[in-house]
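Look through the sequence and the 3D structure below before reading on.

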Amino acid sequence: DLVKIFLEDNLTLSLPVQFRQSVLRELFQKAQQGNDALDEVCFKVCVCNTVCDVLQGRTIDIQFCQLFLKPSKEKIDFLLEVCSRSINLENASEALKRKMAAFLKNLCLGLEDLQLVFMISSHELFIKLLKDDERKLLVDQMRKRSPRINLCTKPVTSFYDIPASASVNIGQLEHQLILSVDPWRIRQILIELHGMTSERQFWTISNKWEVPNVYGNVILGIKDNLTRDLVYILMAKGLHCCAIKDFVHAKQLFAACLELVTEFSPKLRQVMLNEMLLLDIYTHEAGAGVSGERPPSDLISRVRGYLEMRVPDIPLRQVIAEECVAFLLNWRENEYLTMQVPLPLVQTNPYVKLGQLLAATCKELPGPKESRRTAKDLWEVVVQICSVSNQHKRGNDGRVSLIKHRESTLGIMYRSELLSFIKKLREPLVLTTILSLFVKLHNVREDIVNDIAAEHISIWPSSIPNLQSVDFEAVAVTVKELVSYALTINANNHFWLIIQADIYFATNQYSAALHYYLQAGAVCSDFFNKMVPPDVYTDQVIKRMIKCCSLLNCHTQVAILCQFLREVDYKTAFKALQEQNSHDAMDSYYEYIWDVTILEYLTYLHHKRGETDKRQIAIKAIGQTELNASNPEEVLQLAAQRRKKKFLQAMAKLYF
């Protein structure tokens with residue numbers, strides 16, 4: 001109700017001016033920090049303040065002038081409403097009426113759009129405040145202004161109907177051309193512009209219009225200037241709309257461009273068909289594909305057709321091949337990639353080769369015997385991509401770049417290109433496979449202290465002939481980037497969460513590591529209400545959790561986690577309990593201990609230290625009937641499971 005309060009205060013004038021201005025300043029600051037929702041509130045509060053300033057005889061703030069640089073019907077409507085509700089004409093003094101009339105009159109003189117001027121001059125408040133002769137004088141003043149036309153509100157139907165000031169109108173038409181995404185309107189504007197001057201290349205007027213070089217050379221070779229401008233601008237705008245996910249306008253622009261180039265250029269026609277295929281892939285992946293709906297068979301056929309296309313001299317964008325292969329992998333078209341894709345295509349297109357190896361490896365993973373042949377081929381390819389020669393090459397930008405092995409079966413694909421391609425994948429098994437490969441490659445490093453765990457890690461070779469050839473720093477960065485990306489696809493994949501935890505553990509970030517170890521357990525056990533599967537909380541994971549707690553000085557947590565191991569680690573548990581400087585809840589955790597030996601040791605320890613209260617807590621814990629050694633195994637297991645659940649939930653609250 002901020003606007004309502006300010007509007008009512010325009011009549012009562014109870015709020016201090018400084019308060020009104022400080023509120024507006026605060027709103028502007030928040031809007032400038034990216035809160036777009038406040039733009040409208042800023043405008044309305046600014047209008048309320050401005051009308052108040054006018055009635056009080058203060059100068060109009062610069063912010064109001066800035067907001068009215070682009071007036072609109074909605075803005076004028078609100079302004080007139082504020083003016084009407086801020087003055088009571090029956091009781092207002094003549095001085096107040098003159099101030100309001102002068103404000104409205106000056107507003108009219110500052111507007112170029114006659115429709116907006118008419119809105120003000122025909123308003124009831126304006127008619128009541130200005131006499132007939134004053135209104136006639138205002139009309140005369142407006143007629144004497146230099147003739148200008150606002151093409152944003154009055155479209156020019158023909159370039160023959162251009163007023164005398166041609167340079168102004170060319171600029172206005174160019175401005176419209178930059179803003180428009182309507183293919184028909186773009187065509188009309190270009191016809192008008194070319195009718196006014198033949199000296200300009202209108203495809204150059206915006207530096208935001210970017211067309212890939214492989215297309216630009218063909219388009220700029222079009223002899224007819226109007227056609228060249230139109231094709232270039234339609235494609236550039238279509239690509240921009242595609243980039244910002246405005247797929248509806250992108251489709252309209254591409255369709256218009258396709259219709260145009262079909263008449264004179266088979267080469268550009270194929271280019272547009274390729275771009276429309278890419279657009280359809282993006283549209284499906286951002287729409288129905290998000291919910292898991294399979295793409296129509298027609299789209300899959302077109303993707304295959306693109307990969308198999310052998311039309312000579314057609315300029316091709318690398319990203320389309322990448323997206324097509326990623327599309328087939330994401331929708332599990334492994335049969336096509338492994339069995340049906342033409343051999344020449346595999347030999348000439350590095351992304352198809354990589355896709356084939358990934359598909360073949362994934363296809364053999366679920367079987368009882370994991371084939372190592374295709375996995376070995378994929379391994380060798382990735383090792384070559386991540387390898388560097390001893391030579392260095394200085395690029396045009398002055399930076400040193402490492403030359404990749406040219407004899408790679410993938411030609412000259414670089415690690416950054418591989419990473420870019422992987423980040424187009426979202427099929428879980430494919431991502432798990434590539435993650436597993438990079439984790440294994442990370443682990444073969446000689447100076448590695450802490451291995452990272454991953455699924456299917458046994459299918460990869462255990463060594464590399466020439467370790468010095470691999471850029472292990474780049475591999476470590478890639479593993480981090482890949483697991484971060486994978487978790488954006490599915491934040492509840494417990495194996496990916498374990499990899500993330502292992503990375504934090506290896507880099508000595510123990511609190512973060514515990515967060516992800518606990519999250520991995522939580523997502524696969526209904527927040528620990530069920531038992532965490534043993535292949536998730538392996539002995540290695542538990543030992544790493546123990547080490548994290550120990551290095552965080554949470555020694556009671558260490559002792560409790562020692563019970564989670566297949567064989568209870570009494571030595572570590574007892575040593576931890578001897579520590580008196582513990583940064584955890586200490587005796588409050590005793591209720592989570594189910595191992596009687598540990599509880600007996602605690603009783604002895606507190607007795608030895610003379611800690612009677614803590615000894616009583618330990619005795620109470622050991623005296624619970626469900627921990628009696630005479631109980632059946634099922635009862636003891638149930639008691640242990642209940643304590644595990646409560647302890648892990650308590651830990652989760654601590655580290656989440």
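**From the whole chain to one residue**

Of the 656 residues in the protein, 46% are buried, where buried means under 20% relative accessible area, exposed over 50% and partly exposed in between, with a 1.4 Å probe and protein chains only. The model is predicted, so local features need pLDDT of at least 70 and side-chain atom pairs count only at pLDDT 80 or more, while totals for chains, interfaces and linings use all residues. Residues are numbered from 1 along each chain as its sequence is written, and side-chain values use heavy atoms, with hydrogens and water left out.

The protein has 32 helices and 2 strands. Both are DSSP runs numbered from the N terminus: helices are H or I with at least four residues, strands are E with at least two. Along the principal axes, the C-alpha atoms fill a box of roughly 110 × 75 × 50 Å. The radius of gyration is 36 Å, whereas a compact globule of 656 residues would have one near 26 Å; the radius is taken over C-alpha atoms, and the globule rule is 2.2 Å times the number of residues to the power 0.38.

Now take a pair of helices. Helix α15 (residues 266-286) packs against helix α16 (residues 297-308) at an angle of about 135°, with the axes 11 Å apart. This makes α15 oblique to α16, because angles under 35 degrees count as roughly parallel, over 145 as roughly antiparallel, 65 to 115 as roughly perpendicular and the rest as oblique. Axes are lines fitted to C-alpha atoms, for helices over the stretch in contact, and angles run from 0 to 180 degrees between N-to-C directions. Contact means heavy atoms within 4.5 Å. On the α15 side, Asn274, Met276, Leu277, Asp280, Ile281 and His284 meet Leu299, Arg302, Val303 and Tyr306 of α16. These residues divide into 6 nonpolar, 2 polar and 2 charged; Ala, Val, Leu, Ile, Met, Phe, Trp, Tyr, Cys and Pro count as nonpolar, Asp, Glu, Lys and Arg as charged, and the others, Gly among them, as polar.

A second pair is α21 (residues 373-385) and α23 (residues 428-443), whose axes come within 11 Å and cross at roughly 65°. Here Leu378, Trp379, Val382 and Val383 of α21 meet Leu437, Phe438, Lys440 and Leu441 of α23. The contact holds 7 nonpolar residues, no polar and 1 charged.

Last comes a single residue. Gln519 lies in helix α26 (residues 510-523). Is Gln519 buried or exposed? Its relative accessible area is 18%, so Gln519 is buried. Leaving aside neighbours within four places in sequence, Gln519 is in contact with Ala491, Leu497 and Phe656.
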